[in-house]
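Morning, everyone. I have one structure to walk through today. Here it is on the screen.

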Amino acid sequence: MLEYGQGVPADLEKAYAWAYVSAEVGQQPLVDYFHQLQDTLTGEQRSKADELAQEYMIKYGLFAQAARAQKVICEELKSGIY
């Protein structure tokens with residue numbers, strides 16, 4: 001949406017920041033998308049996007065980390081670790 005400006009103005013830096021937070025969930029398509037965006041930014045854009053990504057992680061990262069923790073725990077329960 002942000003990358004292509006679908007319904008909102010295009011903003012690669014915001015798209016990158018949200019992709020960074022989303023990639024924390026650990027699902028491969030989200031990680032791949034983050035790396036794809038990483039490759040499209042200029043050095044200046046990347047610097048700004050990294051700062052924004054850190055802000056987003058502080059605000060929203062707990063949700064992503066909780067989702068990832070839930071996934072790991074479920075996998076461990078299925079494997080019989082607990």
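Start at the N terminus: the elements of the chain run α-α-α. That is three helices and zero strands. Keep in mind that this is a predicted model.

Overall dimensions next. The radius of gyration of the chain is 15 Å, well over the 12 Å that the globule rule gives for 82 residues, so the chain is more spread out than a compact globule. Along the principal axes, the C-alpha atoms fill a box of roughly 45 × 25 × 20 Å. Of the 82 residues, 26% count as buried. Now the contacts with a separation of 6 or more. Residues 24 or more positions apart account for 60% of those.

On to the helices, beginning with H1. H1 has 12 residues. From first C-alpha to last it reaches 16 Å, close to the 16 Å expected at 1.5 Å a residue. At its start, a side-chain oxygen of aspartate 11 comes to within 3.1 Å of the backbone nitrogen of glutamate 13. The buried residues in H1 are Ala15, Tyr16, Ala17, Ala19, Val21 and Ala23.

Now H2, residues 28-40. This helix has 13 residues and reaches 19 Å end to end, C-alpha to C-alpha, close to the 18 Å expected. Which residues of H2 are buried? They are Val31, Phe34, Leu37 and Gln38. These cover an arc of only 125° around the axis, which puts them on the same side of H2. A reminder on geometry: an α-helix has 3.6 residues a turn, so residues three or four places apart point the same way. The face of H2 turned away from the buried side carries exposed residues, Pro29 and Asp39.

What holds the middle of the picture? The largest nonpolar core has 15 residues, and Tyr16, Ala17, Phe34 and Tyr56 touch the most other members. Helices H1, H2 and H3 each give two or more residues to this core. H1 gives the most, with six.

Look at tyrosine 16 in particular. Leaving out residues up to four places away in sequence, tyrosine 16 touches Phe34, Leu37, Gln38, Leu41, Arg46, Ala49, Asp50 and Ala53.

Last stop, leucine 62. It sits in helix H3, residues 43-79. Buried or exposed? Leucine 62 has a relative accessible area of 64%, and the cut-off for exposed is over 50%. So leucine 62 is exposed. Its C-alpha is 20 Å from that of proline 29, which lies 33 residues away along the chain.

That's my tour. Over to you.

Notes:
Residues numbered from 1 in each chain as written. Predicted model: local features only at pLDDT ≥ 70, side-chain atom pairs only at ≥ 80, totals over all residues. Heavy atoms only, no water. Helix = DSSP H or I, 4+ residues; strand = E, 2+ residues; numbered from the N terminus. Buried < 20%, exposed > 50% of the residue type's maximum accessible area, 1.4 Å probe, protein only. Expected span 1.5 Å × (residues − 1). Arc of directions from axis to C-beta. Core = buried A, V, L, I, M, F, W, Y, C linked by side-chain atoms within 4.5 Å. Contact = heavy atoms within 4.5 Å. Polar contact = N/O pair within 3.5 Å; in protein donor to acceptor, adjacent residues only side chain to side chain. Rg over C-alpha atoms; globule rule 2.2 N^0.38 Å.
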